[in-house]
Amino acid sequence: MTSEQPGAVPDHPGPDEEPPLLRLRGVSKHFGPVRALTGVDLDIPAGKVTALAGDNGAGKSVLIKCISGIHAPDSGQMWWEGAPVHVRTPSEAAALGIQTVYQDLALCDNLDIVQNMFLGRERLRRTGLDEVSMENAARETLTSLAVTTVRSVRQRVASLSGGQRQSVAIAKAVLWNSKLVIMDEPTAALGVAQTTMVLDLVRRLADRGHAVMIVSHNLNDVFQVADRIAVLHLGRMVDVRPTADSDRQIVVDLMTTGESTRVVREPGRPV
Amino acid sequence: MSRIEGPASTPPTERPDEVDVPPEPRVPVDTVGGYLRASVVRIRGGETGVLPVVGGLVLVSVLFQSLNSHFLTSGNLVNLLVQAAVFSLLAMGEVFALLLGEIDLSIGFVAGLSAVVMSELARPTVGWPWWAAIGAALVVSALIGLVQGTLITRIGLPSFVVTLAGLLFWQGVMLWILGSGGSILIQDNTINDLASGVLTKAAGWVVMLVVVAAFAVLTWRRDAHRRDSGLVAPPPGLTVAKIGGGLLGGVALVLLTNADRGILVPVYGMPWVVLLVFAVLAVWTYVLGRRRFGLYVYAIGGNAEAARRAGIHLPRVRTLAFMCASLTAGVGGVVYASRLRSISTALDGGTLVLYSVAAAVIGGTSLFGGRGKALHGVLGGIVIAAIDNGMGLLGFSAAAKYVVTALVLLIAVTIDAIARRNRPDRT
């Protein structure tokens, strides 16, 4: 576990500076002799989409698992809304407001959209489930996210397309008032139109004030939706910068070698 | 709030990556006709529900009636319902295990042990009243489910192995209590009446009308509440049709059971056991369809990992489901003994459990979890009893009955598999 050292907060924000929603400092994780993460520093602000890029084995998955409570970091510190926290289990992460949308989506095919969105947090009445209240809330959430391609919220998830399933998984995170939504390769299995739909949804989440962290191999997606790009290389955070100060070639350099000496080109020009 | 026009970017006509997903049937569902058309679309899409088993039942009835005109007499049909009771109860128990994607092979002998416990305690020399004897049998059944469920969920043993051991173990316990070739006669009238007692004609009407009225009030209130809240709801005409259908079925059942079916002396009235099966069906339908526990059973059967990540306590829900399975089997055992007015070592729990799995599957329950209803167990039990009964009327041997039951099971699974090809989830 991490050792808490009050007073020894590195890079403590000034009094006039709003602390980021989530701040990581010096997070390390070893699996036996394998150093998956080494001293990772990262700030995740609210209302922004932070993309996490990196080659295979760079430690992206380990990092999001540390944040979402599946792995406990060996050392390092996490601050949530300015206060130090230890996230030991996924339910502790959920209680803080961290919701992870996994690549395999974790939806029950045989249940309908409402049942999936409320799974584990059903609203009850004396005689059983409060279907009316849940169905209204689910529909309002989907409408507020402009997810209107589903025919009915009483449709079984099995009958949805990949993009619609992704939308349901994201809407579930919104419904549960998550402040940070982590998405692992949300567009990996989707076609062009569905990818656009999901990226629009990611953008809307950030515009509503949620912090979004998105792990993606697809640099098209990253540049289309992210406000900031963080690059991991061999378990180290080698670069975090606004998307406007970066381009594809810089990110590729960072992902493959861990450094880049290039300067950003004119935006919009092909690289 | 929304900076980008979400729906405009993905009009439903442009979904190129959906080659493996059939387009959503967009049928208006606010009229009765539209609702029926939507049902047809769903059925053709592979969600056949109870349609195959009802069709199969009609087919079997027509076949047996054409071969022996005694099949569709009221006497034989009432007899068939009573025969089906044990199969239906055991199959409803099995549905709980199948919904989880597990199996319970022990319920045949759990039923046997339940019958033995009840018969033993109700003996005049022991002298427990009928309700205490039945209660004790059901408690024992539920405890067996608790033990087996705990072994399966907490230690992580496969349900197949644990309940196979249960099949052997509870058979041993049952034989041990009965003694070699032993049997226990049941002398308590109330227990014997469970299977052979009947309501008076008037009581049959009253009970049926009360049940249908309760169904009507609940259905109407629920559907009306959904319509008023602007939710997905059937149109009023369909609600009325559902209630009318319930009334029609009730009237038909009462007319059937109130007709004289005696040969030498007049015999009529609704058998208690029909009401008992119906009551169990109603309770389990409510638990599985309206309670959180039921939802969790479906969720675990559909995607256990998703259920776990949603914070559902899997071992607790699974153990409870195995308890429900054993408890229902215990009720089946009580009915079994009541029908024979005794219990003996002749009880073949191995065949009973295989019939109960077959009945659940014939009724439409998936072996892979997450899909099935208590009603499927009841309908499948009636199909199995109808084959048994009809072939008995035609003078076929037990050997032929097994063969035909096997064929019907295969046909049921084949129909399901073919229908499933049109279904997106293919589970």
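In helix H8 (residues 248–257) of chain A, the buried residues include Ile250(A), Val251(A), Asp253(A), Leu254(A) and Met255(A). The structure is a predicted model, with an ipTM of 0.82 and a pTM of 0.85.

**Helix H8 of chain A**

- At the N-terminal end, H8(A) is capped by Asp247(A), which places a side-chain oxygen 3.1 Å from the backbone nitrogen of Gln249(A).

**Helix H1 of chain A**

- Helix H1 (residues 60–67) of chain A is mostly covered, with six of its eight residues buried.
- Those buried residues are Lys60(A), Val62(A), Leu63(A), Ile64(A), Cys66(A) and Ile67(A).
- Gly69(A) follows H1(A) and has a positive phi, near 90°.

**Confidence and make-up of chain B**

- Chain B has a mean pLDDT of 87, and 90% of its residues reach 70 or more.
- Over residues 1–28 of chain B, pLDDT stays under 50; the model has 46 contacts beyond four places in sequence for this stretch.
- Chain B contains 17 helices and two strands.
- Among the 427 residues of chain B, 48% count as buried.
- Of the contacts in chain B with a separation of 6 or more, 73% are accounted for by residues 24 or more positions apart.

**Packing of H3 and H16 in chain B**

- Two packed helices are described by the angle between their axes and the distance between the axes.
- The axes of helix H3 (residues 51–67) and helix H16 (residues 374–393) of chain B come within 10 Å and cross at roughly 15°.
- An angle under 35 degrees counts as roughly parallel, and H3(B) and H16(B) are therefore roughly parallel to each other.
- H3(B) and H16(B) cross in a left-handed sense.
- From H3(B), Val53(B), Val54(B), Leu57(B), Val60(B) and Phe64(B) take part in the contact.
- These residues meet Leu379(B), Gly380(B), Ile382(B), Val383(B), Ala386(B), Ile387(B), Gly390(B) and Met391(B) in H16(B).

**Packing of H4 and H14 in chain B**

- The axes of H4(B) and helix H14 (residues 314–340) of chain B come within 7 Å and cross at roughly 170°.
- H4(B) and H14(B) are therefore roughly antiparallel to each other.
- H4(B) contributes Val82(B), Gln83(B), Ala85(B), Val86(B), Leu89(B), Leu90(B), Met92(B), Gly93(B), Phe96(B) and Ala97(B) to this contact.
- The H14(B) side is formed by Ala321(B), Phe322(B), Cys324(B), Ala325(B), Thr328(B), Ala329(B), Val331(B), Gly332(B), Val335(B), Tyr336(B) and Arg339(B).

**Leu77 in H4 of chain B**

- Leu77(B) belongs to helix H4 (residues 74–99) of chain B.
- Leu77(B) counts as partly exposed because its relative accessibility is 22%.
- Leaving aside residues up to four places away in sequence, Leu77(B) touches Phe71(B), Leu72(B) and Leu256(B).
- Leu77(B) and Gly289(B) are separated by 212 residues in sequence and by 30 Å in space, C-alpha to C-alpha.

Notes
Residues are numbered from 1 along each chain as its sequence is written. Chains are lettered from A and ligands numbered from 1 in the order in which they are written. This is a predicted model: local features need pLDDT of at least 70, side-chain atom pairs count only at pLDDT 80 or more; totals for chains, interfaces and linings use all residues. Side-chain values use heavy atoms; hydrogens and water are left out. pLDDT is the predictor's confidence in each residue, from 0 to 100. Contact means heavy atoms within 4.5 Å. Buried means under 20% relative accessible area, exposed over 50%, partly exposed in between (1.4 Å probe, protein chains only). Helices (H or I, at least four residues) and strands (E, at least two) are DSSP runs, numbered from the N terminus. A polar contact is a pair of N or O atoms within 3.5 Å; within protein, one must be able to donate a hydrogen and the other to accept it, and residues adjacent in sequence count only if both atoms are side-chain atoms. Axes are lines fitted to C-alpha atoms, for helices over the stretch in contact, and angles run from 0 to 180 degrees between N-to-C directions. Angles under 35 degrees count as roughly parallel, over 145 as roughly antiparallel, 65 to 115 as roughly perpendicular and the rest as oblique. A crossing is left-handed if the near helix is turned anticlockwise from the far one by less than a right angle, and right-handed if clockwise.
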